[in-house]
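Me: Pick one part of this chain and take me through it slowly, please. I'd like the surroundings first, then the close-up.

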Amino acid sequence: MSLLKVVEKNMPLYVNEWLRELCSIPSIAAHNTQMTEGAEYVEKLCKLAGAHEVHSFETQNAPIIVAHFGSGEEKLLCYEHYDVQPPDPLEDWDSDPFQPNIMGDTEKFLHGKFIARGAADTKGNLVSRLAALHAYQETHGKLPLQVTLLCEGGEEIGSPDLPHFVEKHPFIVDSDYCIWESGGVSDSGAPQLYFGMKGCLYLTLRFHTMARDCHSQAANVAPSAAWLAVLVASSLVNKETGRVLIPGFYDDVREISEADREAIAAFGVDERFTMKQLGAKAQVFDHSEKDELLRHNFLPTCNITGLHTGYGGEGIKTIVPAEGVLSIDFRLVPDQDPEKI
């Protein structure tokens, strides 16, 4: 039986059992919920997928699972994580984020949609790796190389345990090749491989201007945390182009090479189609359309992930807010130093 036939035969196992069970575990790193349960199920899946050796390493936050498959001179390292982001706001979900829902082709699982928190980032990727290893071994008997799967539970909170783990166990990550979690299908249906991702620098700024909220009658004299947060946020970028105004922000950004420009020109992806998918009517800033892919792939970003201050509930509350929180993430490109930024 061919490899693809084996995959098709096993799809109910991979999707309706492995993926469904894994996505049913609310392993939310930010809330430290069911991290042990998530790690234990990953350990179980590795064994079911044909790993000849599986280890669970305790860390300060969540266990790291390491599984070994196959044999041979060449070594491939696969990195994954089993933690997920919080599903809030829950009212935006059409179904329970931790009760997976399959829409469409539920018989063959080939053309339907699997909806659950973590299905795309990155429990679906993890199960697809394990399914590939399982199907290959079922078809061919053994792998032609050594494969090590390293799966952590802290990626969504910045992987705080990973650097120490790698320093302590360098032999585990010693490999000829490494595959990260990402990879999927483009808007046009073409399979994708990523050869690098931007780094993330996340900052939370907290504003405290008074002992407590006061009545808005005093707005001419009371220092508003809301206005302070908005003014700080708006000072970060050019209000017309969105270009980051932080001094030195672009100093270490590499020039886009001609080879990169040619590759992007041949890519053939219309970014406006992505805008349409997002349900976006227009860009916030005045960007040149022809440079969208270059900016998307090669330039750093400054993004507000959250701005919370004052009252936003039903009805009216006439206050000057005393506190505010501004959360920002920067996506950094090669040669940028997060400490400097």
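Reply: Charges first: the chain carries 28 positive and 50 negative side chains, and the centres of the two sets sit 3 Å apart. Lys and Arg count as positive, Asp and Glu as negative, with His and the chain ends not counted; each charge is placed at NZ of Lys, CZ of Arg, CG of Asp or CD of Glu.

Bear in mind that this is a predicted model, where local features need pLDDT of at least 70, side-chain atom pairs count only at pLDDT 80 or more, and totals for chains, interfaces and linings use all residues. Numbering runs from 1 along each chain as its sequence is written, and side-chain values use heavy atoms, leaving out hydrogens and water.

Now the surroundings. There are 9 helices and 12 strands in the chain (DSSP runs numbered from the N terminus: H or I over at least four residues for helices, E over at least two for strands). The C-alpha atoms fill a box of roughly 75 × 45 × 45 Å along the principal axes. Of the 341 residues, 35% are buried, meaning under 20% relative accessible area; exposed is over 50%, and partly exposed lies in between (1.4 Å probe, protein chains only).

Against that background, look at β2, residues 64-69: 6 of its 6 residues are buried. In a regular strand, side chains alternate between the two faces of the sheet. Here I64, V66 and H68 point one way, while I65, A67 and F69 point the other way, and all are buried.

Who are the neighbours? Strand β1 (residues 53-57) pairs with β2 in the antiparallel sense over 5 bridges; pairing takes at least two DSSP bridges between two strands. A hairpin of 6 residues connects β1 to β2, and V54 has A67 in β2 as its bridge partner. Strand β6 (residues 146-152) also runs antiparallel to β2, joined by 5 bridges, with T148 in β6 as the bridge partner of H68.
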